Amino acid sequence: MQTVNLKDLVRPNIWALEPYSCARSEFKGEARFFLDANENPFGEYNRYPDPLQVALKEKIAKIKGVRTSQIMLGNGSDEPIDLIYRIFCRPGVDNVVAMCPTYGMYKVAADTNDVEYREAMLEEETFALLPEKMLALADQNTKVMWVCSPNNPTGNLISPEAIETLLNGFGGILVVDEAYIDFADSPSWLKRLDEFPRLIVLQTFSKAWGLAGLRCGMAFASEEIIAIFNKVKYPYNINMLTQKAVSEALDNARLVDGRARYLVGERKRVAECLTMFIDCVEHVYPSDANFLLVKMTNADAAYAHLLERGVVTRNRNRVKLCGNCLRITIGDDNENDVLIAGLVAVK
Ligand SMILES: *Cc1c(COP(=O)(O)O)cnc(C)c1O
């Protein structure tokens with residue numbers, strides 16, 4: 001693979017973009033009176049939040065083993081997903097390649113940005129990613145490839161060898177979405193960020209951290225790519241309450257490990273119960289995430305039956321390669337028991 005200049009991957013208008021300059025970013029030094037940003041002097045939330053979330057990123061950098069300059073924080077992962085299109089893909093001209101089935105937001109964001117979305121089917125039943133298939137779909141206008149590992153909704157980790165083949169064989173941006181990595185028994189690609197300048201790793205506070213309501217996602221990449229994210233994102237994209245609450249959660253990071261281990265234990269227990277005792281379950285796919293993809297004899301019937309008992313699952317029956325499958329989130333032991341009991345009577 002010959003070396004690729006980042007400039008050749010970025011939309012020309014974005015490369016040339018002169019970003020908005022926040023009032024607070026323009027002064028240096030110590031100040032006591034802030035009369036620069038047209039804020040109101042009264043109230044608890046009267047000040048604009050830190051646009052670059054420096055204090056928060058310092059804590060994240062320590063925990064994740066990266067530099068603060070390699071982190072962008074977004075309003076959920078949705079924000080970096082959308083920004084990746086807006087930064088790299090010229091509407092109506094460029095395209096992206098993704099695996100299928102996978103997380104639906106990659107396609108929605110492609111459609112809203114008028115970017116062609118090409119899909120490479122995963123292998124049937126194993127849901128393995130076949131890198132040659134993805135590479136074969138790429139042409140000179142393919143700017144981004146999407147890999148989700150562990151994958152939603154199939155639950156499996158994508159093999160590091162397959163991802164490395166893409167990193168070495170594709171000259172554009174490779175995104176690895178690791179929303180569920182804390183439930184997997186495998187290292188994050190963050191460790192290899194310095195090796196691959198066109199790699200973007202996405203993580204989130206919504207799953208293992210249990211903070212979906214705060215809307216905070218993380219993108220990790222080279223300093224050069226993060227600088228572009230920073231000029232395109234809304235200046236104050238992470239509000240003050242979210243910054244504060246995420247910062248507090250980071251001070252209690254050990255709690256997160258314990259909870260992730262608990263959910264992984266429950267995942268094993270639920271998988272065994274479903275496999276051994278529930279007649280309407282045909283197969284429980286191996287999972288590296290906090291959910292199980294379960295093949296039922298009749299997914300629509302099982303879904304409706306559970307719903308009557310107040311249990312809502314995700315019916316993936318109409319998703320490619322997931323016929324008759326429900327995606328079932330692992331809850332606490334009580335919730336999981338209700339789920340299992342609810343499936344006993346299903347034929
Ligand atoms: C849940 C999930 C996310 C997280 O989205 P947020 O916007 O951060 O809540 C990202 N990617 C995948 C594949 C997911 O399943």
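**Questions on the fold and its cysteines**

Visitor: What share of the residues counts as buried?
Guide: The model is predicted, and its values are computed. A residue counts as buried when its relative accessible area is under 20%. Of the 347 residues of the protein, the share that counts as buried is 50%.

Visitor: How many helices and strands does the protein have, and what is its radius of gyration?
Guide: The secondary structure consists of eleven helices and eleven strands. For 347 residues the globule rule gives 20 Å, and the protein is close to that value, so it is as compact as a globular protein of that length. Its radius of gyration is 22 Å.

Visitor: How many disulfides are there?
Guide: A disulfide requires two cysteine sulfur atoms within 2.5 Å. The sulfur of Cys325 has its closest cysteine sulfur in Cys322, at 5.2 Å, which is too far for a bond. By this rule, the number of disulfides is zero.

Visitor: Which cysteine holds the sulfur closest to that of Cys22, and is Cys22 buried or exposed?
Guide: The closest cysteine sulfur to that of Cys22 belongs to Cys216, and at 17 Å it is too far for a bond. The relative accessibility of Cys22 is 5%, and buried means under 20%, so Cys22 counts as buried.

Visitor: How far apart are the mean positions of the positive and negative charges?
Guide: The protein has 39 positive and 46 negative charges.

Notes. Residues are numbered from 1 along each chain as its sequence is written. This is a predicted model: local features need pLDDT of at least 70, side-chain atom pairs count only at pLDDT 80 or more; totals for chains, interfaces and linings use all residues. Side-chain values use heavy atoms; hydrogens and water are left out. Helices (H or I, at least four residues) and strands (E, at least two) are DSSP runs, numbered from the N terminus. The radius of gyration is taken over C-alpha atoms; the globule rule is 2.2 Å times the number of residues to the power 0.38. Buried means under 20% relative accessible area, exposed over 50%, partly exposed in between (1.4 Å probe, protein chains only). Lys and Arg count as positive and Asp and Glu as negative; His and the chain ends are not counted. The place of a charge is taken as NZ of Lys, CZ of Arg, CG of Asp or CD of Glu.
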